[in-house]
Amino acid sequence: MTETITNTPAVPLSDAAIRRRMLADFWFHFKQNKGAVAGMIVFVLLVLAAVFAAVIAPHDPTQQYRDALLVPPLWQEGGRADFLLGTDAVGRDMLSRLIYGAQYSLFIGIVVVSIALVGGIVIGMVAGFFGGWVDTVIMRVMDVILAFPSLLLALVLVAILGPGLLNAMIAIAIVYQPHFARLTRAAVMGEKEREYVTAARVAGAGNMRLMFKTILPNCLAPLIVQATLSFSSAVLDAAALGFLGMGAQPPASEWGTMLAEAREFILRAWWVVTFPGLAILISVLAINLMGDGLRDALDPKLKKS
């Protein structure tokens, strides 16, 4: 009895199928980290609070109720139902200001990371691809920036540019740029001698195409992780600058600025300091946990078989 064996040629997957498989693989490894999933849930809630602040917030964040100065939270004696988390020294609703403060945090994080990421990628690409004296000059400049404590350097830059949220974001982005530049340079130096790059060069691809079309897509995984972690650091540094009076200016409901306004009431009204501080703590912790999960899911060395 003779059996006929037929070889069925493998059907190549479409681009959509490949993307779905990559997404499923990413989610499989990401969800193994329970802390990362919890952080993602908190981050999504933060985004929803920022997007729908006008609907969720019970009051205008700048509205002052002169008959409700330093009202305690609802569950404490003297609390009122229309001010769930109490009011500040000039009668503004704490809950509404915290919700609107999420908009500042997300805006700061997105702007800072975008500026630092784009600038760092360009600088790191040039340094890693061309090497030689170009690499030496660029990396020495990055080393000089990294030699200063990040918050101190941001303070100096804000003092030069002038206090304000925009200048604070620019200063923080400049401080974070070397991290992205060094990471990009290291990734480019590891990729530029590979066969696919050599093949693209032989096919006639120019330097710009080699850098940004051929090499860059294969360097994005560590940059995404760094961007996530820098997002939380940007929120924290912006809050620190706001606390020192160099970031967002009153009556903005940015959490660091809220802490600065509440300093003199720490002993009399604990809620005006505690709630903004908790908001900063929870949001930064959630983003850091999510960043850890992204690192585990995107780094092949850390994936569990």
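# Close-up views of the predicted model

**View 1. Y65 counts as partly exposed, because its relative accessibility is 24%.** Buried means under 20% relative accessible area, exposed means over 50%, and partly exposed lies in between, with a 1.4 Å probe and protein chains only. The model is predicted: local features need pLDDT of at least 70, side-chain atom pairs count only at pLDDT 80 or more, and totals for chains, interfaces and linings use all residues. Residues are numbered from 1 along each chain as its sequence is written, and side-chain values use heavy atoms, with hydrogens and water left out. Y65 belongs to the loop between helix 3 (53-56) and helix 4; helices (H or I, at least four residues) and strands (E, at least two) are DSSP runs, numbered from the N terminus. Not counting residues up to four places away in sequence, Y65 touches H59, F83, V90 and G91, where contact means heavy atoms within 4.5 Å. From C-alpha to C-alpha, Y65 and D88 are 9.7 Å apart in space, and they are 23 residues apart in sequence.

**View 2. L70 has a positive phi in the loop between helix 3 and helix 4.** The phi of L70 is about 50 degrees, although L70 is not a glycine. With 17% relative accessibility, L70 counts as buried. L70 is also among the contacts of V272, which include D88, M94 and M258, with neighbours within four places in sequence left aside.

**View 3. The buried residues of helix 6 are L153, A154, L157 and V158.** They lie on the same side of helix 6, because they cover an arc of only 135 degrees around the axis; the arc is that of the directions from the helix axis to the C-beta atoms. An α-helix has 3.6 residues a turn, so residues three or four places apart point the same way. Among the elements covering these buried residues are helix 5 (132-146), helix 7 (165-191) and helix 10 (220-243). The end C-alpha atoms of helix 6 (residues 150-161) are 16 Å apart, in agreement with the 16 Å that its twelve residues should span at 1.5 Å a residue; the expected span is 1.5 Å times one less than the number of residues. Just after helix 6 comes G162, with a positive phi of about 105 degrees.

**View 4. An aromatic pair joins F43 and F231.** Rings of Phe, Tyr and Trp (its six-membered ring) pair if their centres lie within 6.5 Å; planes under 30 degrees apart count as stacked, over 60 as edge-to-face and the rest as tilted. F43 and F231 are edge-to-face, at 6.0 Å centre to centre and with 85 degrees between the planes. Since F43 lies in helix 2 (residues 34-51) and F231 in helix 10, the pair ties together parts that are 188 residues apart in sequence. Both F43 and F231 are buried. Helix 10 also holds S230, which counts as buried at 4% relative accessibility. S230 is in contact with V113, Y176 and F180, leaving aside its neighbours within four places in sequence.

**View 5. W75, W270, W271 and F275 form one aromatic cluster.** Within this group, W270 and W271 make an edge-to-face pair, 5.9 Å centre to centre with 85 degrees between the planes. W270 counts as partly exposed at 32% relative accessibility, whereas W271 counts as buried at 4%.

**View 6. The largest nonpolar core has 75 residues.** Such a core is a set of buried Ala, Val, Leu, Ile, Met, Phe, Trp, Tyr and Cys residues joined through side-chain atoms within 4.5 Å. V112, W255 and V272 touch the most other members. Helix 4 (residues 94-130) gives the most to this core, with 15 residues. A second, separate core of five residues includes I138, M139, M142 and A181.

**View 7. G245 follows helix 10 with a positive phi, near 80 degrees.** G245 is placed in the loop between helix 10 and helix 11 (255-261), and at 34% relative accessibility it counts as partly exposed. This loop also contains P251, and the peptide bond from P250 to P251 is cis, with omega near 5 degrees. Helix 10 itself has 24 residues and reaches 34 Å from its first C-alpha to its last, close to the 34 Å expected at 1.5 Å a residue.
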